[in-house]
Amino acid sequence: QKPLLKFVSDQAPRGMAALCQHKLLGALEQSQLASGATRAHPPTQLEWLAGWRRGRMALDVFTFSEECYSAEVESWTTGEQLAGWILQSRSEKKCPCWSPCGSGGP
C-alpha cells in the first residue's frame, strides 16, 4: 500500500496529488471494511466531473414531501448510506453531513 501511495504522490498530474491520495486512502479503507469487494462499474459522470474540476462530489436529494437535502458523497458511498443519512437528518433535524438545499451546502 505504501509503494502505491508513493507512486500516486510522485506521478499524479500537477495539482492532483492531494485528491488522488484522498481517493486512494479512502478506497483502501473501504476495501478493508468490505474485503474482497471490487468495483464493478466505471466512474460515474459525477465522479468524472468532480475529478476534472478537482472538487468534491455532492448530491441534492428530494423527498416525496418536497424536502431537499444536499450531501457530500464519496465514490464508495452506497445508496443505503445516503438513505440512512436522510432518515437520520429527518429525525434529528440537525445532521453535520446534511444541509437544506439552497443554504450553501457542505
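# Chat about a predicted model

Colleague: Leaving out residues up to four places away in sequence, what does Thr 63 touch?

Modeller: Thr 63 touches Tyr 69 and Ile 86, once residues up to four places away are set aside. Keep in mind that this is a predicted model.

Colleague: Where is Thr 63 found?

Modeller: Thr 63 sits in the loop between β1 and β2.

Colleague: Is Thr 63 buried or exposed?

Modeller: Thr 63 is buried, because its relative accessible area is 16% and the cut-off for buried is under 20%.

Colleague: And Glu 66, where is its place?

Modeller: Glu 66 is also in the loop between β1 and β2. Glu 66 counts as exposed, because its relative accessibility is 75% and exposed means over 50%.

Colleague: What is phi of Glu 66?

Modeller: Phi of Glu 66 is near 65 degrees. That is a positive value in a residue other than glycine.

Colleague: How many residues lie between the strands in that hairpin of β1 and β2?

Modeller: Five residues lie between the strands, and Glu 66 takes its positive phi in this hairpin.

Colleague: In which sense do β1 and β2 pair, and over how many bridges?

Modeller: The two strands pair in the antiparallel sense, over six bridges.

Colleague: Which residue in β2 stands opposite Asp 60?

Modeller: Ser 70 stands opposite Asp 60.

Colleague: How many residues of β2 are buried?

Modeller: Five of the six residues in β2 are buried, so the strand is mostly covered.

Colleague: On to the core. Which residues make up the largest nonpolar core?

Modeller: Eight residues make up the largest nonpolar core: Ala 50, Met 57, Val 61, Tyr 69, Ala 71, Val 73, Leu 82 and Ile 86. β1 (57-62), β2 (68-73) and α4 (79-92) each supply at least two residues of this core.

Colleague: Which element gives the most to this core?

Modeller: β2 gives the most, with three residues. As a general point, nonpolar side chains in soluble globular proteins tend to be buried together. Tyr 69 and Ile 86 belong to this core, and Thr 63 touches both of them.

Colleague: How far apart are Ser 89 and Tyr 69, in sequence and in space?

Modeller: Ser 89 and Tyr 69 are 20 residues apart in sequence and 9.0 Å apart in space, C-alpha to C-alpha.

Colleague: Now Arg 56. Where does it lie?

Modeller: Arg 56 lies in the loop between α3 and β1. Arg 56 counts as exposed, because its relative accessibility is 62%.

Colleague: Neighbours within four places in sequence aside, what is Arg 56 in contact with?

Modeller: Arg 56 is in contact with His 22, Ala 50, Glu 72 and Glu 74, leaving those neighbours aside. Arg 56 and Glu 72 are 16 residues apart in sequence. Their C-alpha atoms are 7.2 Å apart in space.

Colleague: How many aromatic pairs does the structure hold?

Modeller: The structure holds one aromatic pair. Trp 48 and Trp 52 form this pair, which is stacked, at 6.0 Å centre to centre and 5 degrees between the planes. Both lie in helix α3 (residues 45-52), four residues apart, about one turn of the helix.

Colleague: Are Trp 48 and Trp 52 buried or exposed?

Modeller: Trp 48 and Trp 52 are both exposed.

Colleague: Zoom out. How many helices and strands are in the chain?

Modeller: The chain has four helices and three strands. Along the sequence, the pattern reads α-α-α-β-β-α-β.

Colleague: What percentage of the residues in the chain are buried?

Modeller: Buried residues make up 23% of the 106 residues. The chain exposes about 8000 Å², and carbon and sulfur atoms supply 58% of it.

Colleague: What is the mean pLDDT of the chain?

Modeller: The mean pLDDT is 77, and 79% of the residues reach 70 or more.

Key: Residues are numbered from 1 along each chain as its sequence is written. This is a predicted model: local features need pLDDT of at least 70, side-chain atom pairs count only at pLDDT 80 or more; totals for chains, interfaces and linings use all residues. Side-chain values use heavy atoms; hydrogens and water are left out. A nonpolar core is a set of buried Ala, Val, Leu, Ile, Met, Phe, Trp, Tyr and Cys residues joined through side-chain atoms within 4.5 Å. Buried means under 20% relative accessible area, exposed over 50%, partly exposed in between (1.4 Å probe, protein chains only). Contact means heavy atoms within 4.5 Å. Two strands pair if DSSP finds at least two bridges between them. Accessible areas come from the Shrake-Rupley method with a 1.4 Å probe; for residues, only the protein chains shown count as cover. pLDDT is the predictor's confidence in each residue, from 0 to 100. Rings of Phe, Tyr and Trp (its six-membered ring) pair if their centres lie within 6.5 Å; planes under 30 degrees apart count as stacked, over 60 as edge-to-face and the rest as tilted.
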